[in-house]
Amino acid sequence: SSGINAEYGEMSLTQALSRHLKKMVGDVGGFSAKTMSHLELADATPGTVKFRMMVEKSDGNVYGTMHGGLGASLVDVCSSVAILSKCETWGISTDMQISYLKGAPVGEQIDIVAKCDRAGKTLAFSSCFIYNEKGDLLLKGQHTKFMGTPHVQLDN
């Protein structure tokens, strides 16, 4: 066996991915660390991950709702983790499409569901949906990634 399950042994997939993301935040830092700093992985099965996050003041725009740039970053990170939950790497982005349907006010919890729709030898296709506390769809995204040479080392 290879990939995240081989690296983390007997842990559940949710535990292994959570551990890996926390390590990444600490080791890599930068923009992804900001995005993931208050993102909680709630559940993971191969190909599907569910996150939750409170929209904080620092996540807001001038209208008091979650900034669109953060929404795009969440699609990138969460859909990449969905791919990683099924593959040995989370690939390199080639294309993202995002539709913003409704704002998420600062102080509201959002729920994120990301799925690896298909993973082939060279490309992976994923989708991501962000909902408010009432279950209204706020944002939907599609993400395509090149799956050539793995660029993320899954260390213990």
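User: What makes β5 and β6 a hairpin, and how many residues lie between them?

Analyst: This is a predicted model, where local features need pLDDT of at least 70, side-chain atom pairs count only at pLDDT 80 or more, and totals for chains, interfaces and linings use all residues. Residues are numbered from 1 along each chain as its sequence is written, and side-chain values use heavy atoms, without hydrogens and water. β5 and β6 form a hairpin with 5 residues between them. Gly135 sits in the turn, with a positive phi of about 90°.

User: How do you know that β5 and β6 pair?

Analyst: Strands (DSSP runs of E, at least two residues) pair if DSSP finds at least two bridges between them. β5 (residues 123-131) and β6 have 9 bridges, so they pair. They run antiparallel. Cys128 has Gly141 in β6 as its bridge partner.

User: Which strand is joined to β6 by 8 bridges?

Analyst: β3 (residues 92-100) is joined to β6 (residues 137-146), and they run antiparallel. Gln97 stands opposite Gln142 in β6.

User: Why are 6 residues in the lining of the second largest pocket called nonpolar?

Analyst: Ala, Val, Leu, Ile, Met, Phe, Trp, Tyr, Cys and Pro count as nonpolar, Asp, Glu, Lys and Arg as charged, and the others, Gly among them, as polar. By these classes, the lining has 6 nonpolar, 2 polar and 2 charged residues.

User: Which element gives the most to that lining?

Analyst: α2 does, with 4 residues.
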